[in-house]
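I opened my notebook on a new model today and kept track of what I looked up. Here are the entries, in the order I made them.

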Amino acid sequence: MMKKIILMLGLAVFGFASENVILSVDTLFLIACSGLVLLMTPALGMFYAGMVNRNNVLSTTINSVILYALIALQWIIIGYTLAFGDDIGLLIGNLNHIFLVGIDGQSVGNVSENLFMFFQMLFAVIGAAIITGSLAERMHFGALLIFILCWSTLAYDVLAHWVWGGGWLMEIGSLDFAGGGVVHIAAGVAGLVGCIMLGKRKYAQGIMPHNLPLSFIGAVFLWMGWLGFNTGSALSVNSVAVNAFLTTNFSVVGAMLSWMLVEWIKYGKPTLLGSITGIVAGLVAITPSAGFVTPFAAVLIGFIASPICFFAISYLKSKFGYDDTLDAFGLHGVGGIWGGIATGLFATSSVNGIIKEDAAGEGLFYSGDVSLLVVQIVAVLACFVLSGVVSYVILKIIALFNPLRVEESQEINGLDQALHGEIAYR
């Protein structure tokens, strides 16, 4: 049963061939893409670290990097089977692959299931790492690890099953090519809930990024890694993979230009910080639709993404008074929401013929039918609500036994020395 579901997943979402034959070229392709995606987690650590106070550089970096080990172990034991095990009531996978039992010698499309498992594990890792951006500079390290571990099990794995593993969102024809909802909306919302429950940082106002060149390097490596993230989601060397490669890059083109224009108009000066933020906004926005839209549509998606994310970061955050340290919600949550909706507008069978067969239809701008758009909005809401509720409950329970936030003196002096006994700059 599981093999049938995953094969349907591949056909409906990733577009790989139907025959269950492991091909060397597709295997090499996915290994290379996995290497690029693996690069994203340390790159995110660099991107985040450059934008915090100089006394929190190392704590911010380790928050991202250590999650590779934590989530990889969780994925091997139970995460993969919850996400891609045989379906139970369109809600969750069963435990037939706990500790990866039963996947040796099996294939998904034209690659081994072991390789597919590893590639999907990297998505879970980067989703968890994104959350840390909202909670930086004030959360206990132990509480953070417990929260992320529980969130990955109860929110990420469930959403992955709903969207990719044979769950109800897949059943109604929603489209999420590489994790716009499963990874970015879910992580952004978890970060939003977390930062609200933690409260504002001490002396947060007026603190500028301490090392923008470091953040620039992180953004560039994120961009490179994202090419594996989106392109590899085709799981095969085919036209859909090529299209995903192109759309990922062209969305960045639109997003960087529009972020620069918005900054230039509002502040009179374009900035490097704005440019690299635009890179991430464009990458997030194209993620759910990379294998379903044309390159020109990708430029439009990216161009629209930056003003939306800019509004969320510069207006919504101050309006509602939450302290999203590194704007994980403003970039990933809001960008993912726009990307999911944009899929319902721009998806076309001329890029991926599977859309007419297994999705809720083509996008509104191609079919004149709102069916896919409605399904995409339902999927966005499902990701938002599940991640939000799960995050709130987990943090409430943790707070009963352990403080979520460090002591005020530790926060003021920086978490590098207080929590890890290290200093980045002497």
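The entries below go from the whole chain to single residues.

**Ground rules.** I am working with a predicted model, where local features need pLDDT of at least 70, side-chain atom pairs count only at pLDDT 80 or more, and totals for chains, interfaces and linings use all residues. Residues are numbered from 1 along each chain as its sequence is written, and side-chain values use heavy atoms, with hydrogens and water left out.

**Overall fold.** I started with secondary structure and found 17 helices and four strands. Here helices (H or I, at least four residues) and strands (E, at least two) are DSSP runs, numbered from the N terminus. Next I looked up the radius of gyration, which is 20 Å; a compact globule of 426 residues would be near 22 Å, so the two agree. That radius is taken over C-alpha atoms, and the globule rule is 2.2 Å times the number of residues to the power 0.38. The C-alpha atoms fill a box of roughly 60 × 50 × 35 Å along the principal axes.

Of the 426 residues, 58% count as buried. I use buried for under 20% relative accessible area, exposed for over 50% and partly exposed for in between, with a 1.4 Å probe and protein chains only. The accessible surface (Shrake-Rupley method, 1.4 Å probe) comes to about 15,700 Å², and 70% of it belongs to carbon and sulfur atoms. I then checked contacts, meaning heavy atoms within 4.5 Å. Among those between residues at least 6 apart in sequence, 78% join residues at least 24 apart.

**Aromatic rings.** How many aromatic pairs are there? Rings of Phe, Tyr and Trp (its six-membered ring) pair if their centres lie within 6.5 Å; planes under 30 degrees apart are stacked, over 60 edge-to-face, and the rest tilted. By this rule I get 20 pairs. In one of them, Y80 and F84 have ring centres 5.6 Å apart and planes at 35°, so I noted the pair as tilted. Both residues sit in helix α3 (residues 57–84), four residues apart, or about one turn of the helix. Y80 is buried at 0% relative accessibility, and F84 is buried at 1%.

I also looked up F329 and F384, an edge-to-face pair with 6.5 Å centre to centre and 80° between the planes. This pair links distant parts of the chain, with F329 in helix α12 (residues 328–346) and F384 in helix α15 (residues 371–401), 55 residues apart. F329 is buried at 7%, whereas F384 is partly exposed at 30%. Back at Y80 and F84, ring pairs link them with W75, F116, W151 and Y156 into a cluster.

**A143.** I found this alanine in helix α5 (residues 141–164), buried at 1% relative accessibility. What does A143 touch, leaving aside neighbours within four places in sequence? Its contacts are I398, N402, P403 and L404.

**Positive phi.** L90 is not a glycine, yet has a positive phi of about 65°. L90 lies in the loop between β1 (87–88) and β2 (92–93) and is partly exposed at 31%. D327, also not a glycine, has a positive phi of about 60°. D327 lies in the loop between α11 (295–320) and α12, and is buried at 14%.
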